[in-house]
Amino acid sequence: MSFSRRNFLIATGVAAASTSVLSACSSGSEGSGQNDAPKVSGSKTTEIPVGTKADSTGPAPEVKGAVKGGTIYSLQQFDMDHMDPAQIYVSTEGAITVPIMRGLTGYKLDDKGNATLVGDAATDAGTMKDGGKTWSFTIKDGIKWEDGADLSMDDVRHTFERLFAEFITEGPRYVQQFTVGGDKYKGPYDGKSLDSIEIDGKTITFRLNEPRVDFNYTLAMRGYSLVPKKHDTKEKYDKRPFSCGPYKIADRSIGKSMTYVRNEHWDPKTDSIRNAYPDKYVFQMGYELVASTDRWIADKGNDQYAVPIFNEVAPERVAQVLTSPELKKRVLTAVDTATYYWPINMTRVKDLKVRQAINHAWPHQQVQTINGGAATSEVATTILAPVTPGYTKFDLYGVTKKPNGDPAKAKALLKEAGKLGYKLVIAFQQSDTQVKVAVAVKNALEEAGFTVVTKQVDKSTFYTQIGKLDNGFDLMGAGWSPDWPNGYSQFYPCWSGKNIGDGRSNYAQLDDASVNKAIDAAAKIADVEEANKAWGNVDKMILELAAVVPDYHKIRNYLYGSKVGNVIWDAGNTCVALSKLYAKK
């Protein structure tokens, strides 16, 4: 999912690579901090197992010491571009909607944030037949929408059939691609149903065109959360979704704020995933990282009850926060599965030597420093993060030896190609940090012989803009964490030629026959070790084509208010676990 939304987990088969979740407490010694920061390389990976029917039965386990009542606040840089679940494919959107949206499956957390795949609206994590070509899910009794109406099987069917409508352009495409007949189906609004989605009593069955042993993980994505047929307002649903979770939207001022209040029709006995301790959540938008970090440092008034979703400690404040024992007590640190990278538009930058020159010129270490140093990231040479099964260590562009780039090598390649002065248009998110990154990248590439034009793009719509086929950009800042526990969801959405189109996440528009074949072949390998080798090989093939500049693997540092209880990492959705928080008395 890119952080780009694509903010989920990785592995092969049915084993998931989660991130190592590190303690949120201080090391306890004066002056310690950045020098004892976690490393991405060498961090443990853990499995996300499939839970039992008992694991899927509510209510969710109580959080030790939690109390009901109060308000949790959040300070965020930007609003959500999409809130229609079918359009959600960005991490922030997925994280913020956990308290209001439910899917057939989801991730249940223990007290340390470790995840288990369970049934959410379904009674369990699904029943597989025909080697994975048929999947069935039975819906729980007692689930109601925010208006008190029961969740119906018409709602469940409609949720999945509306994915095929023409106005659904931004979300994941797996269900549309996997279901039999999905290539010809145009959605339910003309009264037609998709035959490969069957309803029998309270059970929904999906007939797939190929075996997908991980389909139950696929359905845990926020993009497959439930939508009531009666309240489906099509395009308008994107601004005001309906809830069957513990909270509902009370008000929303686009670009400024959003408030959740309790959904009185939610029954905790139906929900094994979510707790509901605060009376309200108030999300406030428009805070750059320095502004939000300074408010958390000051820890005054309502900010004592404030928690981030993705506003990390500002790079300018990392040293101050991580070397203060008192502040570190209020920091959640987690190694993420995300790799941030720069896809190179293959339809515009067609010369391999030019793309190789971009890679050789890239100022990795300077970008790392701007982002806060080694406490916040690790320089990347691969697409897969080291915490991901399938990761294979290689360094095709000499980044380890020359982390600030090799302008001489890059210029020589440009000269060989006859492309000195080659013009690059690069898209950056419009934020204080990315303005600095843009300057560093522009200077490095121009030293290597390029002519560079930087374009700042609004943060709220950034992924919508770079997801357009004719976006006018040669390079784009992006990032990805796999959509569910499988290497397929790292490489298919971002690098398969089958996933090129407006609203898709193959930002490089890479369509290489060998890469496409390798992705398809790796997806069919049952042996975990062999599959891991295959995914590592796909990674290397893409880098040999120089279709991307891997930039860094991410370490998250989240500072929060002193009166927010139980701030833990959600290893299933790779974000702060909103549904596990409480406001201290």
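Visitor: Which residues lie nearest the centre of the largest pocket?

Guide: This is a predicted model, and its largest pocket holds about 490 Å³ of space. The lining comprises 22 residues, and α3, α13, α14 and α15 each supply at least two residues of it. Nearest the centre of this pocket lie E210, P211, R212, A523 and K524.

Visitor: How many residues of the lining of the largest pocket are charged?

Guide: Sorted by class, the lining of the largest pocket has 11 nonpolar and 5 polar residues. The charged residues in this lining number 6.

Visitor: R212 lies over the face of which residue?

Guide: R212, one of the residues nearest the centre of the largest pocket, lies 4.3 Å from the centre of a ring. That ring belongs to a member of an aromatic cluster that also includes W135, F160 and Y492. The residue is Y488.

Visitor: Is the pair of F167 and Y189 stacked or tilted?

Guide: A search of the whole structure finds 28 aromatic pairs. In this one the ring centres are 5.9 Å apart and the planes stand at 45 degrees, so the pair is tilted.

Visitor: How many residues apart in sequence are the parts that the pair of F167 and Y189 ties together?

Guide: F167 is buried, with a relative accessible area of 15%, whereas Y189 is partly exposed, at 31%. F167 lies in the loop between α2 and α3, and Y189 in the loop between α3 and β6, so the parts tied together are apart in sequence by 22 residues.

Definitions and conventions
Residues numbered from 1 in each chain as written. Predicted model: local features only at pLDDT ≥ 70, side-chain atom pairs only at ≥ 80, totals over all residues. Heavy atoms only, no water. 1 Å grid on protein atoms, 1.4 Å probe; cavity = no way out; pocket = protein on both sides within 12 Å on 5 of 7 lines; lining within 4 Å. Points joined across faces, edges and corners; volume = space filled by probe spheres on them. Helix = DSSP H or I, 4+ residues; strand = E, 2+ residues; numbered from the N terminus. Nonpolar A, V, L, I, M, F, W, Y, C, P; charged D, E, K, R; others polar. Phe/Tyr/Trp six-rings, centres within 6.5 Å; stacked < 30°, edge-to-face > 60°. Buried < 20%, exposed > 50% of the residue type's maximum accessible area, 1.4 Å probe, protein only. Lys NZ or Arg CZ within 6 Å of the ring centre and 35° of its normal.
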